[in-house]
Every structure is written in C-alpha cells, then in structure tokens.
Amino acid sequence: MQWDKLVRVTPELDAWLRETRRYLHMNPELSLQEVNTARLIAGHLRELGIEHRTGLGGDGRPLFMSPEALRAAGIQPGPTTGGNGILALIRGERGPGRTVLLRADMDALPIDEQNDVPYRSTRPGVMHACGHDAHTTILLGVAELLHALRDRFAGTVKLMFQPAEEGPGGAAAMVADGILDDPPVDAAFALHVDSTHRAGEVAISPGPATAAADTFRIVVRGIGGHAAKPQTAVDPIVVAAQIVIALQTLVSRETNPLDSAVITVGKLHAGTATNIIPDHAILEGTVRTYSPAVRDHLEQRIGELASGIARAMRAEAETVYLRGYPAMHNDPTLTALARQVATELLGPERVYDREPLMAGEDFAFVAQRVPVCMISLGVANPERGIIYPPHHPRFDLDEDALAVGVRLMTAIALRYLGAA
C-alpha cells in the first residue's frame, strides 16, 4: 500500500499540529474544566465543515461507583451529561458500511510543570503531563485528513474528543450519552503517548492492555495526646505505618505470583505539630489488578487487614473502597489490523510489542461495549532529554510523533473501512 501518497501530512499541517499542541500545553485544563479545549476543537471542526455534537459526557463516576461509596469518600460528583465532550462524524461518500470510532482524551493533571521550554504551562499547578494535548491535536489532524479522503471510503468515522479521563471517567459518561449508537460503532481505536519508545516507533499487542484502577481511603482513629507522653494516647500514625507495610503482603503473600496486582499508598496525612499525637490519620491509595477474582479479594482484605491491625493496636480503622476503571484488553483481530498498518507505514523495525500496563484507562468503558485496540505512540528523544514518563513534572514529547500519530490513525481507519 502506498501510504505516503494516500496519507500525507504536509509541512503546513505539521506546523499547525505543533502550534496547536503547544497552545494546548500552555493552556491545560483539569478534568471537567476543559471549556477552552472544547471550544478550540469545535471551532476547528466547524472550519473544516465536519458534522459534530457538543455538550456530551461529564462526570462518569455515578455510573460506575456506588452512591454509598461516593458519600463515604466525601465525593460530590457533577452531572454525567452536558459536559465538554465532542463527537464528530465523517461519513464516507461511497455509501453505508461499518462504523469505526477514534478517541482522544483532553484533560490535564494537577502537576506543577518543571520543564524550561517556551510552551511551558501558563497555569501554576496544572500541566499536560500525560500527553492528552498530543492526543487531542493528533485526532484533529486525523479529522482533517479523513474529511479530505471521505470520497475514498464507505461507512462512518466517529471522532470522540473526551473530557475527564484522569479520574472522573468521562468515557463512561460519553458512552451513556449514546456515542456508540446511531450509527452503532463496530470497533474503536485509540493511542497513548509512550516515553519508552522513540518518536516514529509504536508498540501494539493483543490481550491485556491496562489494569482495573481502584482507590481506597482508610481513616485510622486513635486517641490524641502529648508527644512526650505516648503511653496516655493511641498513636494513629504508628498504626497507619503498620497498615501501609502490611498492605504490601496482600500482593506478596495473598496473590498468585502469576497474577498482576499493585497496592500503592500515595497519601498519608496526620498531625498538626511535632509535639502532638493526633487523634486520627488518613491513608489514601490505589489498587491495580487484571483478574476480577484478585480485585474482589483485595477489596475485601484491605478493609479486614486495616481494621484488624487497628484493633490490635487499640485503635479503629474505617475503609472506603471505590471501584474505578475496569481492566481493558486489546481485541486480537483489531490489533492484527493495526499492527499490519503500522508495519506498512513505518517499517517492521519501528513496530514493537506493547507490554501490559498497570495504569488505568477509561477507554475500558468503550471496550465493554465494542472491540477496541489501544496503541502506544513513541514520543521519546533521549538526545534532547525527552525521557520522563507520563505523570512526571518534566514529561514532554518529541513533536515529530504528532505527524506519525495522525498518519497511523488515519491509515487504520481507512484500512478498517476497506478503503486501503
């Protein structure tokens, strides 16, 4: 297949991709706040004359978390619809056919950027540290190419510009808004930036792709007192420390070594002064699994272990467990198609196997309804110091990857629809 002739990123489009990504990087917006990003997307789609719907999605947590758990965690979710999501449709001019969905997420993270670059975030404490600025930019480039090529294919391409991936589950909310219907989606593809591969390389494999991502909150209640008289108090910090250590045994001693699982305590808050034993401590963490049975077991045992340790140390512990995104698996047939296209487009030496990740991904909610494939897009450039992983304050990407992503996703859509 002569992809270079069919799927071409001109110098003008390449410059626009870089400029757009930098604008988005400089103006990041947190989950459920992506108003300016949505405005930019809708404006470009209007300029191209592409049919689209706005005001989709929102806070997806009420759709997959129980009301009781949300209340116990002190979470007041927002509306599940009327949000910043956008769905664009490109209808092939060769008649009816299959429908393929391509997805990009667009929210940023609460991280203070440490990169010294001209396009550094202008918003303190907010940063595109997971590459969603690139994902959005790439899908806008795909929209431009596919719109120009609509006389080459039958069927429909849906472009899913999704808010709130970093926790609130915006994909679940968009699915609930009916984006997989009318016409019904037959398959869905997405890509995610990958700092373990260079720009110009991709990684694709079938099977396990991203893990189920749950969170927990443990409140340890003791008895406060003077730090110089610990015998008159029940120190919740000491109890919390024992719980943190013991939680790791749930993976090392209660989980089959052939099953993947991670328990990480990311937050531990307690106390107001060095000479005061506080009356409570709060632990918060994440659980990552692939096996539903392991997921069930860890949910049960985290609460049992915390309360058991606390009782043994004259304290009390209350656990709130929130089930988050489910595990996601790449469909073998779609993965084979994507891998073949990538091999033709980039060369076999630039196509790698994609290892399963313990990261969570709300594209999994799409995968519950239709076959999916998520592709890792290399963005590293060690010579320029672009080596840091997503969620790091120095994360960045080699912008040569933008055109690669545009060409790859466009080619995959065309191949799936039988146009190439």
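Residue numbers start from 1 along each chain as its sequence is written. In this predicted model, local features need pLDDT of at least 70 and side-chain atom pairs count only at pLDDT 80 or more, while totals for chains, interfaces and linings use all residues; side-chain values use heavy atoms, with hydrogens and water left out.

Eight strands form an open sheet of mixed pairing, in the order β1-β2-β4-β3-β5-β16-β6-β15. Helices (H or I, at least four residues) and strands (E, at least two) are DSSP runs numbered from the N terminus, and two strands pair if DSSP finds at least two bridges between them.

Strands β3 and β5 pair in the parallel sense over four bridges, with Leu102 opposite Phe189 in β5. Strands β5 and β16 also run parallel and are joined by eight bridges; the bridge partner of Ala188 is Val372 in β16. Ten of the twelve residues of β5 are buried, so this strand is largely enclosed by the rest of the structure. Buried means under 20% relative accessible area, exposed over 50% and partly exposed in between (1.4 Å probe, protein chains only).

The largest nonpolar core has 71 residues, and Leu102, Phe189 and Ile375 have the most contacts inside it. Its largest share, twelve residues, comes from helix α12 (residues 400-416). Apart from this core lies another, of 25 residues, including Phe216, Ile302, Ala306 and Ala317. Such a core is a set of buried Ala, Val, Leu, Ile, Met, Phe, Trp, Tyr and Cys residues joined through side-chain atoms within 4.5 Å. Beyond its neighbours within four places in sequence, Ile375 is in contact with residues including Leu191, Val202, Ile204, Leu408, Met409 and Ile412.

Thr99, in strand β3, is buried, with a relative accessible area of 2%. Leaving aside neighbours within four places in sequence, the contacts of Thr99 include Thr156, Lys158, Pro183, Tyr416 and Leu417. Thr210 lies in strand β7 (residues 207-210) and is buried, with a relative accessible area of 2%. Not counting residues up to four places away in sequence, Thr210 touches Tyr290, Ala327, Met328, Arg354, Leu357, Ala359, Gly360 and Glu361.

Helices α3 (residues 35-48) and α6 (residues 132-148) pack at an angle of about 10 degrees, with their axes 11 Å apart. The two helices α3 and α6 are therefore roughly parallel to each other (angles under 35 degrees). Leu40, Ile41, His44, Leu45 and Leu48 of α3 meet Thr136, Leu140, Ala143, Glu144 and His147 of α6.

Definitions and conventions
Contact = heavy atoms within 4.5 Å. Axes fitted to C-alpha atoms, helices over the stretch in contact; angles between N-to-C directions. Parallel < 35°, antiparallel > 145°, perpendicular 65-115°, else oblique.
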